[in-house]
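Please keep the model open while reading.

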Amino acid sequence: MPKVKPTEDNSYHDVGHIEKNVAFNYTAFFETLVLEASNFFPLSFVVMLLLRKGDVKKAWAELAHREMRLVIGNKNLSSPGAPYILAFFFNTIPWFLVSVKLLGLEGGSYSYVETIVVPAILVLEGNLSIACKYALYPPEDYKRVTCKANPPWTNADTQRRMLLAGWANPEKYKGLLEGLFLDAKKDALVDISKYEFTNLNSRACAVLKEQATSVHHAHVGEGGGFSHFNPGTHVNSESESATTLEAKTLMLGIVFTSFRQPVPVIGMRVVIGSLIVAVLPVICRAVLDQAPIGSGSLSNIAGVYISLIFVVRVLPPWFWARVVIQDNKRRERAYGILGRLMVHPGVRVSELVQDKTTVGVDDDTFVYLNPGNVNNVNSWVMCRNVIRVYGQSFMKRGEAYLTISLLSTVLLLAILCLLIVGGVKHFATDIILLMFILGVRCYGVVQTSLSVSKLNELVTEHREIIRAAKVHLISESTGKELNLQAIHFLSAVDDLVETREQVSQPHKIMGVRASMEVIQSYVSLLASGFLFTFQTFVTSSAFYGADGWFVNVAEAAHAAAADKEL
């Protein structure tokens, strides 16, 4: 049987079971969505008061926790005033534009697509993403945000939970990786300190234990996840100790070398491209001797705001996609290490340490978990459970952002088709704006989806490794006693991985298991929409006039005939 350290209660939970601790909090989602829709002070405070049943103190504090008001004099919550000022203007844009349009404050020729439809979709997309962020906070964190639990929420907590801050460069935020490790142990319901690997390379064990000792001394007294990484083992002899490694010590190497990698620096080409497209409508209208939007000062001011909103709202989903892709690459690396540990000769110890100058670190020392050792396979499964839910709050947020971007892309494509196929009046720059936004979104969504599907592919590869190990054990038993225990245990592990990671809880896109078939269906849908729109425009009699407005010849002829009859 697997060698597990004795405990008072070896229950079902002790052998690992993925708990859905990070569930979607619908209350948090709708509360945040309402707040983001009214995100300009003092309306946001009034809404918060209604949500918190008139509790002024809690409402005022929660606005600070969500960074929706300016805070001065509080070292735990204070921040520069510029973001709040910018947020005020950017979040009042939709209301300002709608007021100018619906109240008929000024005349002139408007493009509803550019002034209302596209900005509204971009604003809604951003609000939905922020709402999903809070909806997927760990329950204890959201209680702290809403002043229902202690310790009080701080700016440091906000930064650690942000995709574009903490998860973009986790090594920069002290204690983040450690805290996520404790969360993963809790979510996987695995006490990883109970498990160990035996009969390993003594030199590799020494190197990994030295790293664990160093981390333990660096974090002792902090109470963090890595302050407990004392690599001492409970074994009976020195020789056994030299070749025995606690699972948590190996986990330390995998976590440190996989999840600490920062997001690559995002090039300025995307930023410059968005700036160009943002000012393009204003430039085109000026060239065509037209006001940016209408004929008066309010409309001109609104034109400047619209240019800004395209910059502010187009870029964040692209940045989020880059972080999610990097997160999936980290997980791919961690899964890859786990898989190679079971294939001879194993994983180089140099891949599992931070400091490559540590004595004993070289490319000739490997960590190999013999799949014929039931104890090692069982510990490997426990490590797999913890790695799978490591940082799952960020992982689930990434899946939510991917779904939102995918739906908004389809909606924008539908609007593009409606403008051309339906012959809806619009300005030429509307098409350019839509094409640019669609291009950025399509690229980001496809790249992110590919990185997600790769994780599911690795599950299949690992099942192949397990099955190959069974075949090898059977072939090795010729003329010897068949290792039935190891073979049966590998079969059970294969079934568990299939049920848990391929059937019950695979990595998903829009609630569907991520795969190349799903991605191909999405790309086919987008390509069909683009081709249908282009074919309709080419084969129709529609064109753009000298003033830049779309002209449907058939409708224009019909209108002219009607005027002639009158």
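## Cysteines

A residue counts as buried when its relative accessible area is under 20%. The model is a predicted one, and in it Cys-132 is buried because its relative accessible area is 7%, while Cys-442, with a relative accessible area of 13%, is buried as well. With a disulfide taken as a pair of cysteine sulfur atoms within 2.5 Å, the count of disulfides comes to zero.

## Packing of H15 and H18

Two packed helices are described by the angle between their axes and the distance between the axes. Helix H15, which spans residues 392-421, packs with helix H18, residues 516-539, at an angle of about 15°, and their axes are 9 Å apart. That angle makes H15 roughly parallel to H18, and the crossing of H15 and H18 is left-handed.

On the H15 side the contact is made by Leu-406, Thr-409, Val-410, Leu-413, Leu-416, Cys-417, Ile-420 and Val-421, and on the H18 side the residues include Tyr-522, Leu-525, Gly-529, Phe-530 and Phe-537. The residues of this contact of H15 with H18 divide into 13 nonpolar and four polar, with no charged ones.

## Surroundings of Ile-192

Ile-192 lies in the loop between helix H8 (176-188) and strand E1 (196-197), and Ile-192 is buried, with a relative accessible area of 1%. Neighbours within four places in sequence left aside, Ile-192 is in contact with Phe-181, Lys-185, Ala-247, Lys-248, Met-251, Met-382, Cys-383 and Val-386. One of these partners, Lys-248, is 56 residues from Ile-192 in sequence, yet the C-alpha to C-alpha separation of Ile-192 and Lys-248 is 5.7 Å.

Note on methods:
Residues numbered from 1 in each chain as written. Predicted model: local features only at pLDDT ≥ 70, side-chain atom pairs only at ≥ 80, totals over all residues. Heavy atoms only, no water. Axes fitted to C-alpha atoms, helices over the stretch in contact; angles between N-to-C directions. Helix = DSSP H or I, 4+ residues; strand = E, 2+ residues; numbered from the N terminus. Parallel < 35°, antiparallel > 145°, perpendicular 65-115°, else oblique. Left-handed = near helix turned anticlockwise from the far one by under 90°. Contact = heavy atoms within 4.5 Å. Nonpolar A, V, L, I, M, F, W, Y, C, P; charged D, E, K, R; others polar. Buried < 20%, exposed > 50% of the residue type's maximum accessible area, 1.4 Å probe, protein only.
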